Amino acid sequence: MAGLIPLSHGSLEIKGLTPNKAKQFIGYVPQNNQINWNFPLSVKQVVEMGLTNKNTFNIFSNKKNSKIIQDSLSKVGLLEKIDENVNNLSGGQLQRVLLARTLTQGADILLLDEAFSAVDIGAEEDVMKIINNIKQDGKTILIATHDVNNIAEKFDEVLCLNRHCCAFGDPSEVLTDEVIEEMYGPHNAMLKEHSPGNHGAQDGS
Amino acid sequence: MGVEILLEPFKYDFMIRSFVTALLSGTMLSILGTFTINKNMGFMADAMAHATLPIIAVGVFFGFSISELGAPAAILIALFLGFIIKNTNIGEDTSIGIIFSSFFALGFILISVLDVSINLEDLLFGQILAVSASDVAVISTLFVVVLSTLFIFFKQILFYSFDPIGAQVRDLNVTFLNYLFLIILSLSIVSSLQTVGIVLVLSMLLIPAAAAKLVSRTFTGSIKISAIFGATSSVAGLYLSYYFNLPSGPTMSMVASGIFILSFLTKKLMMNPKSISR
């Protein structure tokens with residue numbers, strides 16, 4: 001969806017466009033370990049990256065951008081940290097900064113990659129609250145996670161994947177013991193029936 | 001008396017040229033260095049410097065000067081290194097190590113086989129006193145090209161360096177940005193070979209930037225401080241080499257190291273005044 005990995009088969013459309021052409025609609029929050037934290041950047045500089053595109057050729061920020069950055073940081077409750085070095089923030093605060101970055105972009109679809117892997121439970125609740133607020137603004141939020149705990153309380157829909165679609169729907173209904181075993185159980189037997197484009201009989205496709 | 005000491009070297013034209021060259025390459029390298037240290041590209045930068053040797057050997061054999069060869073050699077090396085790293089699966093450090101040592105070895109063989117008249121010591125450790133007026137013109141042009149490219153693409157290069165996958169999703173041309181940074185880094189390194197030489201160019205690239213990182217809280221602050229440290233190291237180094245008859249490149253490197261030690265001690269003192277006495 002982010003246009004990072006080419007499709008091996010089938011097709012994918014986002015708002016009727018191919019992933020590469022739909023990049024303007026996608027806001028992406030990467031995994032914590034994909035970011036080079038060596039750079040002693042300020043919160044403002046990181047959030048401003050949401051406003052940086054391939055036509056950005058200036059070195060200084062203009063007033064209009066500063067306003068957008070401040071608004072986005074207010075939405076994630078971190079306006080007072082605008083000049084803080086990102087290396088001084090906690091895991092949860094970093095996730096909120098990266099969320100603010102996608103908000104400056106004005107993206108309609110947010111992709112969060114392992115959003116809760118580097119945060120404690122308290123911070124996870126804070127991030128969830130912000131995600132719920134963003135949802136109220138009419139945005140679509142997709143979160144990749146390996147943590148199946150409390151999924152039903154957090155999300156409207158769940159898509160369970162393990163090389164194929166194990167289940168899709170309301171988490172309180174589809175997250176059965178069988179589905180969880182299919183997701184996290186041994187792969188070998190299952191993969192015998194799988195090849196690109198052929199997902200075996202189980203998923204009914 | 002103090003002013004006379006500062007002005008005396010400028011009686012000689014070659015010293016004026018040397019000071020201009022030292023100032024330009026010291027500033028340019030130390031600014032690029034702030035990105036290099038945060039991107040962990042020190043080894044890559046070292047390889048870029050060493051890989052120039054065969055190109056210089058062949059170029060000088062055909063009658064070109066080292067500064068004329070600088071820009072094309074830098075671009076070739078940057079593209080080659082970037083391509084090899086991207087297209088081999090043996091790890092970045094290993095690829096760089098192979099290219100680094102093979103090119104350096106090839107350079108020595110070519111110098112010997114072609115019987116090229118290159119003073120190897122000058123090439124390895126720099127000979128800033130030998131810069132000609134055309135060398136100054138070349139390095140001035142590269143100074144403007146490298147820094148204006150860096151500042152025009154500053155936000156894009158910073159985004160790509162900080163979060164390469166996020167930048168790709170944001171539709172930045174990451175392949176272009178990767179090669180662009182490699183080329184400007186390579187240009188700044190190769191154009192400074194005459195100042196500090198193949199072996200010591202790394203010290204002017206990394207040490208001022210590392211010292212600036214210690215004493216600055218922000219990235220933009222570290223760029224400014226690094227530029228000041230880099231310029232100071234090269235100019236002060238040149239003065240010291242003039243008055244104490246020391247080799248210029250190594251003296252500049254040692255001044256940079258001195259600044260680093262002072263920055264380190266300052267940081268220690270600022271963080272915990274007691275720790276210094278232990």
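User: Let's start with Val255(B): is it buried or exposed?
Analyst: Keep in mind that this is a predicted model. In it, Val255(B) is buried, because 25 other C-beta atoms lie within 10 Å and 20 or more is enough to count as buried.

User: Which helix does Val255(B) lie in?
Analyst: Val255(B) is part of helix α14 of chain B, residues 248-271.

User: And what does Val255(B) touch, leaving out residues up to four places away in sequence?
Analyst: Val255(B) touches Ser233(B), Ala236(B), Gly237(B) and Leu240(B). There's also Phe229(B), which is 26 residues from Val255(B) in sequence and 9.5 Å from it in space, C-alpha to C-alpha.

User: Which other residues of α14(B) are buried?
Analyst: Besides Val255(B), the buried ones are Ser248(B), Gly249(B), Thr251(B), Met252(B), Ser253(B), Ala256(B), Ile259(B), Phe260(B) and Ser263(B).

User: What covers the buried residues of α14(B)?
Analyst: The cover includes α2 (13-38), α7 (120-125), α12 and α13 (219-244), which belong to chain B.

User: How far apart are the end C-alpha atoms of α14(B)?
Analyst: They're 35 Å apart. At 1.5 Å a residue, the 24 residues should span 34 Å, so the two values agree.

User: OK, zooming out. How many helices and strands are there in chain B?
Analyst: Chain B has 14 helices and 0 strands. With a radius of gyration of 19 Å, close to the 19 Å that the globule rule gives for 278 residues, chain B is as compact as a globular protein of that length. Along the principal axes, its C-alpha atoms fill a box of roughly 60 × 55 × 35 Å.

User: What percentage of the 278 residues in chain B is buried?
Analyst: Buried residues come to 49%. As for contacts in chain B between residues at least 6 apart in sequence, 77% of them link residues at least 24 apart.

User: How many residues of helix α3 of chain B are buried?
Analyst: 7 of its 9 residues, so α3(B), residues 42-50, is mostly covered. The buried ones are Met44(B), Ala45(B), Asp46(B), Ala47(B), Met48(B), Ala49(B) and His50(B). They pack against several helices of chain B, among them α4 (52-61), α5 (66-87) and α11 (174-191).

User: Now the largest nonpolar core. Which residues touch the most other members?
Analyst: The core has 118 residues, and the ones touching the most other members are Val97(A), Ala45(B), Met48(B), Leu81(B), Ile184(B), Val201(B) and Leu205(B). Helix α12 of chain B, residues 193-215, gives the largest share, 14 residues.

User: What does Ile184(B) touch, again not counting residues up to four places away in sequence?
Analyst: Ile184(B) touches Leu32(B), Val146(B), Thr149(B) and Leu150(B).

User: How many residues of chain B are in contact with chain A?
Analyst: 23 residues of chain B contact 23 residues of chain A. On the chain B side, α9(B) gives the most, with 6 residues. By class, that side has 9 nonpolar, 8 polar and 6 charged residues.

User: Let's hop over to chain A. Which way do the residues of strand β1 point?
Analyst: Ile26(A) and Tyr28(A) point one way, Gly27(A) and Val29(A) the other, and all are buried. One bridge pairs Ile26(A) with Ile109(A).

User: In what sense do strands β4 and β5 of chain A pair?
Analyst: Antiparallel, over 4 bridges. Cys160(A) stands opposite Ala167(A) of β5(A). The two strands form a hairpin with 3 residues between them, and Arg163(A) in the turn has a positive phi of about 70°.

User: Back to chain B: what is the phi of Asp115(B)?
Analyst: It's near 55°, a positive value in a residue other than glycine. Most residues other than glycine have a negative phi. Asp115(B) sits in the loop between α6 and α7 of chain B, and it counts as exposed because it has 8 C-beta neighbours inside 10 Å.

User: And where is Asp171(B) found?
Analyst: Asp171(B) is in the loop between α10 and α11 of chain B. Its phi is positive too, near 75°. Asp171(B) is partly exposed, with 16 other C-beta atoms within 10 Å.

Conventions. Residues are numbered from 1 along each chain as its sequence is written. Chains are lettered from A and ligands numbered from 1 in the order in which they are written. This is a predicted model: local features need pLDDT of at least 70, side-chain atom pairs count only at pLDDT 80 or more; totals for chains, interfaces and linings use all residues. A nonpolar core is a set of buried Ala, Val, Leu, Ile, Met, Phe, Trp, Tyr and Cys residues joined through C-beta atoms within 7 Å. A residue is buried if 20 or more other C-beta atoms lie within 10 Å of its own, exposed if 12 or fewer, and partly exposed in between; C-beta atoms are placed from the backbone. Two residues are in contact if their C-beta atoms, placed from the backbone, lie within 7 Å. The expected span of a helix is 1.5 Å times one less than its number of residues. Ala, Val, Leu, Ile, Met, Phe, Trp, Tyr, Cys and Pro count as nonpolar, Asp, Glu, Lys and Arg as charged, and the others, Gly among them, as polar. Two strands pair if DSSP finds at least two bridges between them. The radius of gyration is taken over C-alpha atoms; the globule rule is 2.2 Å times the number of residues to the power 0.38.
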